[in-house]
Amino acid sequence: MKRPSLFTICLIILVGSWIFLKFVVGGIISVPIPGSVIAMYMGLIIIAILVHISVEDSLFREFRRPILETLVEDKRRLHRRVLVVLIPLLLLGYTYSIIAQRANPPGSPRDAHPSPPLELTYKDEVIGTMQDVVNPFRHYEKDDPEAFKAHVENGKRVYHQNCFYCHGDHLDGQGHFAPYLQPLPANFQDPGIIPNFQESFFFWRIAKGGPGLPAAGTPWDSAMPIWENTLTKDEIWDVILFLSDYTGYQFRTFGEAH
Amino acid sequence: MRIRTIALLLILFGMLVGFNFAHAQNAPEASEKGKQVYENSCAHCHGIEGRGDGSAAENLLPKPRDFTRGLYKIRSTETGQLPTDQDLFDIITEGMPGSSMPPWDTALSANDRWEVVAYIKTFYDGFKEAETPPKQINLSGKVPYAEQSVETGKALYTELGCVECHGDVGRGDGTSAPDLTDEWGFQSWPANLTQGWNFRGGSDTEDIFKRFIGGLAGSAMPAFEGDSFPGFGLTAEESSRMIELDNKDEMTEAEEEESAQLYEKYDAAVDIAVNLAEGTELSAEEKQIYDDAMSVVYEKSWHLANYVKSLMPEKRPEPAIGNNVLRSQYIQGELPEMDDAAWETLEASYFPLVGQVVIEPRQFNPTIDAVNVKSYYNDTEVAFLFIWDDRTHTTDETDEETGKTLEDALAIQFPVKVPQGPTAPKPYFLWGGRLPVYLWHWKASAPDQVTELTAKGINNAGVQEAQGELQAQGTYTNGQYKLWVKRALKTDDKKDLQLESGVFVPIAFSAWDGANGDVDTKRVMTSWYTFVLEPVPSSKRFIYPPLIALLSVGFLFGLRAFVQRRNSEEA
């Protein structure tokens, strides 16, 4: 078999690399690569090819030979005719698709976690500073397991009468109303949620809901209600006990590392 | 070597298959483990003792199943039979769409689900006492989906009286729809047959067929047998003849006798079905009559299942999220009126509704699935068509508890000012707060009128003093509302939203079903979605691409000429 020309080899390398990046790495191995990164890799490959063919005069001559042949020689007439139709058509389609592209709404650049205020309040009553407030019923866990159980039970009741529509039977954020809310309700089974926060943070988020979110980091678009209008202070603390009891995750306590 | 490899592969494959079917059919003995899983994951709705009275049950409709009665809606078994273990396992695994029962496939392991099946069965002694396994519905006579079968099914839909509850075109809007209750006395809405995604037991033709034959035990939907199946015991021709005779104003003597004979045959077959249900042993002759009757029921049920299947889209429409936003299409000249065929060519954007569970009084059990929206605009105006299904047409009914007037309604919500830039906050999704919202409020009692409101909270809405030139027209047909609204893009009122092509505008909806007790804050709603007057595609798209293509042709020929000249010079 005849050895393929240098031009063909370069073309194969170029197309092969693109297919590899786009479909093998991005598709089969499914590591999502942004288009700009693929473009960068492809640029590097093109530079490498240019460097390679310009090292020696003979190499460059060999590289451009098939191009020149296609342009002028009679034996390549068919190639020439196909290309003179194909190249303008591709360009036509490409420019049309760019110009006719319809605008899409801007994505929302959202912080994952809002920063809480310094003071924790319930309605207008100041409970304490965000750092220092602890769940007043948490100590029962060690001191009085029976009382603790009663509080968890009450939290479970509160949860299933108010929260589970969105946050789900399994606390996984997949309640039956959840799929149609944007952003999705919090998933308490996610190991990155409960262990990263103090109970006071959860109290704040439950009590003040979506409207209580800070001015920085908008748009929050949270559908979370202001629960201090519906639930008592004790009910909120109980539901927080239930969240950690059911999922098995421990809330962060102050001073502990992330 | 090769044989060993094949053998090994075969064994591995066998193990995989074995894993999948290891548990098929029967649950293990009830155990402490099952009780534990049940109390942890199920009891909050179904109750510690399985009575369907957990703490969440109060607010739910359909109510969580009461396991102590042995009545199960979704079964693969014949009427009056208990479900198989596999039936119970499947319901736990897949959940019940359109209700609050979620799929437990990811939250509970298959083992745990089987344990729960075993535990649930302990709530009803009938499972223990049953000597034979429940009789499964025979699916072998399936009639393939075809136009002819759908036509036959359509005729049966009227003949069998499905219309009474499910309505003329199947939207669950039949005349008796509001009055249906289940075995426990709770409201039991008939299914909207055009929304297969809300069918509790799935919407495959086989699923629908099984509901016909097995019935939805405990609900108002009867199993097809005996006196709940008009024409039971008659052939297809005989039952049509019976209806024909029934509908005659006057019958001749011969016809009267014919009718009496048909009724005699029908009554005899119904009696046999009743006896069978009561456990009486049938004689060989009776058994023959019953089997013949059931084979007619089976065939008709397949046709009817095919018809029901024809009423629904293949799958639930995609909600209008992400880039799939509501895009108003530009047209030149007059915008289409309500009945214009131009609306048919537009695909609707689908906005699923959820209960308003934020502010008292709340709505935990929505009866309206979604609002579908289409829109056109021209240089000066925008027109919308809002379409939503509601089983009942309520315009003026008094709520027994509160004395408030209940009526069907819809509200379309926009911000007064479009947030500038991706980080600008939107008003609170529930009728605004610190930032106000601009609303179009429509009520079924005044179908050709839309009121403009400004709101700074769900309980803080006011009618705008200056009502703009808003045109509206509303209709209710066969369980479906249609509302057409037209407004100028720009108005003089500062409290109105001003519209501009290409700007992404937040949009949200609230809807009220009077018959479901919806009033004021008790309603169904959406959070914010997005709407845009889709810009007219630039006319540049017809200029630049051909220009570039032409240039490239010129370049190629130029290059060829250049190379040719150089070659000849070299030569």
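**Figure 1. Packing of helix 1 of chain A against helix 3 of chain A.** In chain A, helix 1 (residues 6–28) packs on helix 3 (residues 57–72) at an angle of about 85 degrees, and their axes are 7 Å apart. The model is predicted: local features need pLDDT of at least 70, side-chain atom pairs count only at pLDDT 80 or more, and totals for chains, interfaces and linings use all residues. Residues are numbered from 1 along each chain as its sequence is written, while chains are lettered from A and ligands numbered from 1 in the order in which they are written. Helices (H or I, at least four residues) and strands (E, at least two) are DSSP runs numbered from the N terminus. Axes are lines fitted to C-alpha atoms, for helices over the stretch in contact, and angles run from 0 to 180 degrees between N-to-C directions. Helix 1 of chain A and helix 3 of chain A are therefore roughly perpendicular (65 to 115 degrees; under 35 is roughly parallel, over 145 roughly antiparallel and the rest oblique). Leu6(A), Phe7(A) and Cys10(A) of helix 1 of chain A meet Leu59(A), Glu62(A), Phe63(A), Pro66(A) and Ile67(A) of helix 3 of chain A. These contact residues comprise 7 nonpolar, no polar and 1 charged. Ala, Val, Leu, Ile, Met, Phe, Trp, Tyr, Cys and Pro count as nonpolar, Asp, Glu, Lys and Arg as charged, and the others, Gly among them, as polar.

**Figure 2. Packing of helix 8 of chain A against helix 9 of chain A.** Helix 8 (residues 199–208) of chain A and helix 9 (residues 233–247) of chain A have axes 10 Å apart and pack at an angle of about 125 degrees. That angle makes helix 8 of chain A oblique to helix 9 of chain A. Glu199(A), Phe202(A), Phe203(A), Ile206(A) and Ala207(A) of helix 8 of chain A form the contact with Ile236(A), Trp237(A) and Ile240(A) of helix 9 of chain A. By class, the residues of this contact are 7 nonpolar, no polar and 1 charged.

**Figure 3. The contact between chain A and chain B.** Here 43 residues of chain A are in contact with 53 residues of chain B, contact meaning C-beta atoms, placed from the backbone, within 7 Å. On the side of chain A that touches chain B, two or more residues come from each of helix 3, helix 4 (77–100), helix 6 (145–162) and helix 7 (164–167) of chain A. Helix 4 of chain A gives the largest share, 9 residues. This side of chain A has 24 nonpolar, 13 polar and 6 charged residues.

**Figure 4. The surroundings of Ala370(B).** Ala370(B) lies in strand 4 (residues 370–377) of chain B. With 26 C-beta neighbours inside 10 Å, Ala370(B) counts as buried (20 or more other C-beta atoms, placed from the backbone, within 10 Å; 12 or fewer is exposed, and in between is partly exposed). Not counting residues up to four places away in sequence, Ala370(B) touches Tyr350(B), Phe351(B), Pro352(B), Leu353(B) and Trp388(B). Asp390(B) is 20 residues from Ala370(B) along the chain, and their C-alpha atoms are separated by 9.8 Å.

Figure 5. An automatic or database domain assignment gives chain B domain 1 (25–129), domain 2 (147–310), domain 3 (326–536) and domain 4 (541–570). The C-alpha centres of domain 1 and domain 2 of chain B lie 29 Å apart. In this view, 17 residues of domain 1 of chain B are in contact with 20 residues of domain 2 of chain B. The side of domain 1 of chain B that touches domain 2 of chain B has 6 nonpolar, 6 polar and 5 charged residues.

Technical notes: Two residues are in contact if their C-beta atoms, placed from the backbone, lie within 7 Å.
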